[in-house]
Amino acid sequence: MIEEKAIEKLDSLIVDIKRKGKSEVTEDDKEELITAIRALSMRLPKRPPISVWSKKVRKICPNCKQKAEYLQEYCDKCGQRIDWRYYD
C-alpha cells in the first residue's frame with residue numbers, strides 16, 4: 001500500500017535527522033514530518049474493537065472511541081478510516 005510505504009519513508013527520514021543531527025532541518029520541519037505521518041496513518045483502515053463479553057463488533061471508531069455507524073468509511077470525529085470488511 002502506498003500510504004504504508006510513505007509512512008515508513010517518513011519514519012526513516014526522522015530517524016536519520018535525529019541520528020545525524022542535521023542543522024539545516026528545523027524543529028518546524030520535524031513537526032511537519034510528524035504531522036504528515038499522523039495524517040497518513042489515519043488513511044490506513046483500522047478494525048473496530050470487538051466486545052469481550054458479547055463477541056460482537058462495537059460500533060465505535062478504533063482511534064478516538066467515538067460512536068460510528070456500521071459501514072461508515074471514515075469517523076466523523078477524527079477522520080480515521082474504518083475497516084468493516086471482516087464483520088459482514
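Buried means under 20% relative accessible area, exposed over 50%, and partly exposed in between (1.4 Å probe, protein chains only). The model on screen is predicted: local features need pLDDT of at least 70, side-chain atom pairs count only at pLDDT 80 or more, and totals for chains, interfaces and linings use all residues. Residues are numbered from 1 along each chain as its sequence is written, and side-chain values use heavy atoms, with hydrogens and water left out.

Select arginine 85 to begin. Arginine 85 is exposed at 56% relative accessibility. Its salt-bridge partner is aspartate 83, with the closest N and O atoms 3.1 Å apart; a salt bridge is a side-chain nitrogen of Lys or Arg within 4 Å of a carboxyl oxygen of Asp or Glu. Aspartate 83 is buried, with a relative accessible area of 8%.

The whole structure holds 2 salt bridges. For another, select arginine 81 and glutamate 73, whose side chains meet at 3.9 Å, N to O. Arginine 81 is partly exposed at 25% relative accessible area, and glutamate 73 is partly exposed at 45%.

Next, select tyrosine 70 and tryptophan 84. A search of the whole structure finds 1 aromatic pair. The ring centres of tyrosine 70 and tryptophan 84 are 5.2 Å apart and the planes stand at 70°, so the pair is edge-to-face. Rings of Phe, Tyr and Trp (its six-membered ring) pair if their centres lie within 6.5 Å; planes under 30 degrees apart count as stacked, over 60 as edge-to-face and the rest as tilted. Tryptophan 84 is buried at 5% relative accessibility, whereas tyrosine 70 is partly exposed at 34%.
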